[in-house]
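Trainee: I am new to this structure. Please take me through one part of it closely, step by step.

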Amino acid sequence: MSRIGNKIIVLPAGVSVSVAEGNVVSVKGPKGTLHQTVDSDISVEIEGSELKVSRPTEQKRHKALHGLYRSLINNMVIGVDAGYKKELEIIGVGYKASAANNVLELQLGYSHNIFMAIPEEIKLTTTSEKGQNPKVILEGIDKELIGSVAAKIKSLRKVEPYKGKGIRFVGEVVRRKAGKSASKK
């Protein structure tokens, strides 16, 4: 991870970074503000429109933390500038999704509907076009939050390998298994 940590983060126009007491990094941009507490051993220096993360020694722990915090800060910079978007598609006969007031309602073939409250930091939209699979679209600035919410939604109905029914990311490839053969001689 140390090679990742050595890369310099270039700050886009409109994005500002500040390091507060207790090594708390705040990134502010056009889409919002994010905060991250960085380990006390790792130092963050701001030089103009560039940000550099450095470590004190070559210990294995410091190398790992160096790459980790550089990636987290870079994800924050990208999030407040451009944002993140995850799309999930629901495949199966009778499977539906609808959203109202950041509550996702899913019909996934169970005897009951599933209601899931989505955090307010995430913008939730659903689409259901004729001839297309229903889609759930999550947008926001926090990559970790969007990823965890998408994983939770996906876990409600995992993709099964025989017919491919379930919830998956758009463009995700699922390995299919062959069913039983029709007749044996």
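Mentor: Keep in mind that this is a predicted model. Strand β7 covers residues 84-91 and is joined to β13 by four bridges. The two strands run antiparallel. Within this pair, E89 stands opposite R168 of β13.

Now widen the view to the sheet. Four strands form an open sheet, in the order β11-β12-β7-β13. Their pairing is antiparallel. At the edges lie β11 (123-127) and β13 (166-169), each pairing on one side only. From one strand to the next, the twist averages 20°. As a general point, strands of a sheet pair through backbone hydrogen bonds.

Helix α3, residues 143-155, lies across β7, β12 (135-140) and β13. Its direction is at about 5° to β7.

Now look at the packing. The largest nonpolar core has 21 residues. Among its members, L106, V136, L138 and I153 touch the most others. At least two core residues come from each of β7, β9 (103-107), β10 (114-117), β12 and α3. Helix α3 gives the largest share, four residues. In soluble globular proteins, nonpolar side chains tend to be buried together.

Take L106 as a close-up. Leaving out residues up to four places away in sequence, L106 touches I90, K96, A97, N113, I114, I153 and L156. I153 is, like L106, one of the core residues that touch the most other members.

One last stop. There is a second, separate core of 19 residues, including I9, V38, M76 and V80.

Notes
Residues are numbered from 1 along each chain as its sequence is written. This is a predicted model: local features need pLDDT of at least 70, side-chain atom pairs count only at pLDDT 80 or more; totals for chains, interfaces and linings use all residues. Side-chain values use heavy atoms; hydrogens and water are left out. Two strands pair if DSSP finds at least two bridges between them. Axes are lines fitted to C-alpha atoms, for helices over the stretch in contact, and angles run from 0 to 180 degrees between N-to-C directions. Contact means heavy atoms within 4.5 Å. A nonpolar core is a set of buried Ala, Val, Leu, Ile, Met, Phe, Trp, Tyr and Cys residues joined through side-chain atoms within 4.5 Å. Buried means under 20% relative accessible area, exposed over 50%, partly exposed in between (1.4 Å probe, protein chains only).
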